Amino acid sequence: MFKNFFNKKINIIEKSMEPSLLNGSSIIMRKIIFSYKPKRFDIVHFKNNKKNLIKRVVGLSSETIQVKKGVLIINGKKISENYISNNFIFDFPQLVIGKDELFLMGDSRKISIDSRKFGPVKIKNILSFYRF
């Protein structure tokens, strides 16, 4: 009974999180019951406008984020990302993430529509998460 109260099965219906989460697979995620304290690299299920999406937390509140030649840089330090599916080379300009916001990206950077397009996501919009 408690298992279903705290957890939720999410079906993956997109390719933006491959190879970590394959299209057509599913994942058990922890529901946000009271509050959520995000950690870098959590996988989150969230509401963006009227659509629910799944992405990875790469930037936390009040951090400065940018991408240079495909390399994620947080507060001036290069971050290793061994989970991404390809060596897609792109740049993203420096951005300071707002209070109570997260910067989310899909693991398949070339095809993912994520915070690079729609901006940081409010923590209150996170519905569930998976932490390794």
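## Basis of the description

The model is predicted: local features need pLDDT of at least 70 and side-chain atom pairs count only at pLDDT 80 or more, whereas totals for chains, interfaces and linings use all residues. Residues are numbered from 1 along each chain as its sequence is written, and side-chain values use heavy atoms, with hydrogens and water left out.

## The sheet

Seven strands form an open sheet in the order E1-E2-E11-E3-E4-E9-E10, with antiparallel pairing. Strands (E, at least two residues) and helices (H or I, at least four) are DSSP runs, numbered from the N terminus. Two strands pair if DSSP finds at least two bridges between them. The edge strands, each pairing on one side only, are E1 and E10 (121-122).

Strands E2 and E11 (residues 126-130) run antiparallel and are joined by two bridges. Across this pairing, Arg30 stands opposite Phe129 in E11.

## Backbone features in the loops

Most residues other than glycine have a negative phi, and most peptide bonds are trans. Against that background, the peptide bond from Glu18 to Pro19 is cis, with omega near 10°. Pro19 belongs to the loop between strand E1 (7-11) and strand E2 (26-31).

Two residues other than glycine have a positive phi: Phe41, with a value near 85°, and Asn49, with a value near 60°. Phe41 lies in the loop between E2 and strand E3 (43-48), and Asn49 in the loop between E3 and strand E4 (51-59). The relative accessible area of Phe41 is 26%, so Phe41 is partly exposed; Asn49 counts as exposed because its relative accessibility is 71%. These classes rest on a 1.4 Å probe and protein chains only: buried is under 20% relative accessible area, exposed is over 50%, and partly exposed is in between.

Glu81 occupies the loop between strand E7 (77-79) and strand E8 (92-96). With a relative accessible area of 12%, Glu81 is buried. Its side chain makes polar contacts with the side chains of Tyr83 (2.6 Å) and Arg109 (2.6 Å). A polar contact is a pair of N or O atoms within 3.5 Å; within protein, one must be able to donate a hydrogen and the other to accept it, and residues adjacent in sequence count only if both atoms are side-chain atoms. Leaving aside neighbours within four places in sequence, Glu81 is in contact (heavy atoms within 4.5 Å) with Val58, Leu72 and Arg109.

Not counting residues up to four places away in sequence, Arg116 touches Phe88, Phe90, Phe92, Phe103, Met105 and Arg109.

## The largest pocket

The largest pocket holds about 250 Å³ of space. Its lining has 16 residues, of which Glu14, Lys51, Asn52, Leu53 and Ile54 lie nearest its centre. Elements E1, E3 and E4 each give two or more residues to the lining, and E4 provides the largest share, five residues. By type, the lining divides into eight nonpolar, five polar and three charged residues.

On a 1 Å grid over the protein atoms alone, a pocket is an open set of points where a 1.4 Å probe fits, with protein on both sides within 12 Å along at least five of seven lines; lining residues have an atom within 4 Å of a point. Its volume is the space filled by probe spheres set on the points. Ala, Val, Leu, Ile, Met, Phe, Trp, Tyr, Cys and Pro count as nonpolar, Asp, Glu, Lys and Arg as charged, and the others as polar.
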